[in-house]
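Have the model open while you read.

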Amino acid sequence: MTRLHNDPVEFVDEAIEGFVAAHAQHVCQVSGGVIRNTRSEKGTVAVVIGGGSGHYPAFAGLVGQGLAHGAVMGNLFASPSAQQIYNVCKAANNGGGVLLSFGNYAGDVLHFGQARERLLREGIHCEIVAVTDDISSASLDELQKRRGIAGDLTVFKTAAAAAEQGYSLEEVVRVTRAANLRTRSMGVAFDGCTLPGANDALFHVPEGRMAVGMGIHGEPGISEQEVPRADELAELLVSRLLKEVPDVIVSANGSRAAVLLNGLGAIKYEELFVVYRRVNQLLKEAGIEIVEPEVGELVTSLDMAGTSLTLFWLDDELERLWRAPADSPAYRKGNSKPVAQIDRSKLDTPVDDTTPPASEASSEAAHCINKALSTIRQLIDDNVDELGRLDAIAGDGDHGIGMQRGAVAASEAANKALSSNAGAGTLLNLAAKAWADRAGGTSGAIWGVILNALSVTIGDQDKPTADHYARALIKAKEDAMSFGKAKAGDKTLVDALIPFSQTLEQQVSSGDDLANAWDKASAAATEAAEATADMIPQIGRARPLAEKSLGTPDPGAKSFAMIVSAVKDIIQSHQR
């Protein structure tokens with residue numbers, strides 16, 4: 001279990017602070033993550049990596065000469081927000097464009113994609129390569145749906161070495177994609193990991209059993225079997241990976257590969273060496289030349305008891321890039337040249353605290369909305385463990401703590417906006433940004449979308465009416481579906497948002513007042529959320545473990561229904 005923490009909500013921020021203090025020679029902190037503390041050549045490509053926290057040395061530990069220029073650090077097992085990614089990219093940019101690379105998870109794809117679009121609008125050339133090395137997460141026919149696990153390192157190292165050697169952005173993208181296509185990984189787990197403050201692990205494996213095909217976000221495996229001897233485990237991992245030699249490799253006989261045996265957090269190095277002994281034998285028997293192997297903790301999952309094996313199939317160029325020097329807090333190779341430090345004073349950016357003018361009616365409404373956000377904060381605090389439990393059944397168990405971070409940030413932002421006499425629209429806009437930025441993950445972004453839809457529709461001049469809310473929630477539904485690409489029946493928050501928004505609009509259109517309309521709409525959302533228990537997830541992290549989620553409602557739909565039910569009394573006061 002994760003034993004050492006203070007307030008679990010502050011765990012990631014405090015970990016970042018301590019990490020930067022311990023490695024000030026390599027990194028410095030910026031809003032959203034860290035960047036190199038050393039100068040890079042002007043006009044070169046900046047490689048920015050990232051994802052959820054809880055995987056050290058990924059991602060922050062891989063920032064330094066010969067490796068990443070910056071790392072974006074989201075909440076535990078949750079993707080960073082688009083704002084965080086944008087901030088790190090701006091700070092890391094050297095003028096030669098930015099390559100974004102991360103594990104292929106739904107939230108990361110959405111947020112890194114948003115950040116890329118914003119950078120492109122500002123004239124900063126930016127490309128994305130998502131890592132898809134995990135052979136257990138999707139079939140070979142759906143290679144693009146596979147997630148990224150320990151193969152992150154081979155892809156990041158290739159990209160960064162190419163950037164360090166002056167490759168153009170187009171060439172960096174080329175070799176990074178080649179590295180990804182040539183990387184295959186598979187993992188097993190003997191027990192799950194425990195989030196800070198949680199009473200139990202996200203999942204357990206029965207005594208004497210082993211989960212096969214686990215993820216690095218605490219997701220359980222896709223199957224179970226008896227725990228083998230160390231040699232038998234090596235044979236299992238090697239045989240599975242050799243069945244997936246990439247098409248670009250003509251034959252495994254005489255091929256070259258970098259080999260990574262990765263510990264997920266609780267497996268000791270001596271155990272890994274015992275397993276690697278047999279891995280080495282098997283690969284050599286298959287005629288494979290092993291190039292600079294790595295054994296140790298490379299991409300972890302807090303305190304998960306497990307391991308993964310990665311094969312990175314090399315050609316001459318990729319081997320040269322894999323062997324290139326690197327010097328970061330957690331990964332060193334060869335001899336890097338001394339480089340001067342950056343001027344940190346240039347990293348600070350001015351903040352515009354100007355509050356737009358608002359009507360008296362909108363300012364009064366802002367007080368009611370602030371009360372609603374406080375109620376949401378308390379509701380999530382009271383149910384954080386249960387929401388995490390629901391999410392852990394087929395996902396990574398971070399929904400509770402992510403919602404908690406988002407609700408706290410939104411409430412604090414609203415309180416600050418209220419002290420500046422903000423109108424309802426501005427207050428909601430600031431709350432939306434704070435929720436999305438602080439919570440991270442897909443649900444954090446979706447709640448940012450929902451609150452922003454309310455902000456745009458309500459504005460700072462009108463007193464919110466039933467019609468305002470009906471139109472705002474229809475916009476929220478449309479924006480959320482467009483952003484997250486979810487539809488009815490995918491087993492997501494959208495399955496509760498659709499009936500809520502449609503019922504509210506129908507009741508208001510038929511002449512119902514806001515109190516009655518909201519009551520009926522929240523009842524529809526609650527019923528729809530419970531009905532998701534019978535659905536199979538079609539998108540997101542729960543998709544590879546779809547069958548395990550049967551009988552359990554979607555945590556995002558459940559929390560949405562809980563929230564709209566909890567605030568109905570406060571919403572009614574807007575009409576008074």
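At what angle do the axes of helix α12 (residues 441-458) and helix α13 (residues 466-484) cross? They cross at roughly 145°, and the two axes come within 8 Å. Axes here are lines fitted to C-alpha atoms, for helices over the stretch in contact, and angles run from 0 to 180 degrees between N-to-C directions. Helices (H or I, at least four residues) and strands (E, at least two) are DSSP runs, numbered from the N terminus.

Some ground rules before going on. This is a predicted model, where local features need pLDDT of at least 70 and side-chain atom pairs count only at pLDDT 80 or more, while totals for chains, interfaces and linings use all residues. Residues are numbered from 1 along each chain as its sequence is written, and side-chain values use heavy atoms, with hydrogens and water left out.

**Helix pairs**

Back to α12 and α13: their crossing is right-handed. A crossing gets that label if the near helix is turned clockwise from the far one by less than a right angle, and left-handed if anticlockwise. On the α12 side, the residues in contact (heavy atoms within 4.5 Å) include Ala445, Val449, Ala453 and Ile458. Among their partners in α13 are His468, Leu473, Ala476 and Phe483. The residues of this α12 and α13 contact divide into 14 nonpolar, three polar and three charged. For those classes, Ala, Val, Leu, Ile, Met, Phe, Trp, Tyr, Cys and Pro count as nonpolar, Asp, Glu, Lys and Arg as charged, and the others, Gly among them, as polar.

α13 also meets helix α14 (residues 494-509), with axes that come within 9 Å and cross at roughly 150°. That makes α13 roughly antiparallel to α14, since angles over 145 degrees count that way, while those under 35 are roughly parallel, 65 to 115 roughly perpendicular and the rest oblique. The crossing of α13 and α14 is left-handed. From α13 the contact includes Tyr469, Ala470, Ile474 and Met481, and from α14 it includes Leu497, Phe500, Leu504 and Val508. By class, the contact of α13 with α14 has 14 nonpolar, two polar and three charged residues.

Elsewhere, helix α2 (residues 82-92) packs on helix α3 (residues 106-121) at an angle of about 50°, with the axes 8 Å apart. The two are therefore oblique to each other, and α2 passes α3 in a right-handed crossing. Ile85, Tyr86 and Cys89 are among the α2 residues in this contact, and Phe112, Ala115 and Leu119 are among those of α3. The contact of α2 with α3 has seven nonpolar, three polar and two charged residues.

**Empty space inside**

Rolling a probe the size of a water molecule over the atoms shows where empty space is left. On a 1 Å grid over the protein atoms alone, a cavity is a set of points where a 1.4 Å probe fits but cannot get out, and lining residues have an atom within 4 Å of a point. Grid points are joined across faces, edges and corners, and a volume is the space filled by probe spheres set on the points. The count comes to two cavities of 30 Å³ or more.

| Cavity | Volume | Lining by class |
|---|---|---|
| Largest | about 240 Å³ | 19 nonpolar, no polar, no charged residues |

Most residues other than glycine have a negative phi, and most peptide bonds are trans. The peptide bond from tyrosine 56 to proline 57 is cis, with omega near 15°, and proline 57 is found in the loop between β3 and β4 (70-76). Another cis peptide bond joins alanine 58 and phenylalanine 59, with omega about 10°. Phenylalanine 59 is placed in the loop between β3 and β4. Glutamate 292 has a positive phi, near 45°, and lies in the loop between β11 (289-290) and β12 (294-296).

How values were computed:
1 Å grid on protein atoms, 1.4 Å probe; cavity = no way out; pocket = protein on both sides within 12 Å on 5 of 7 lines; lining within 4 Å.
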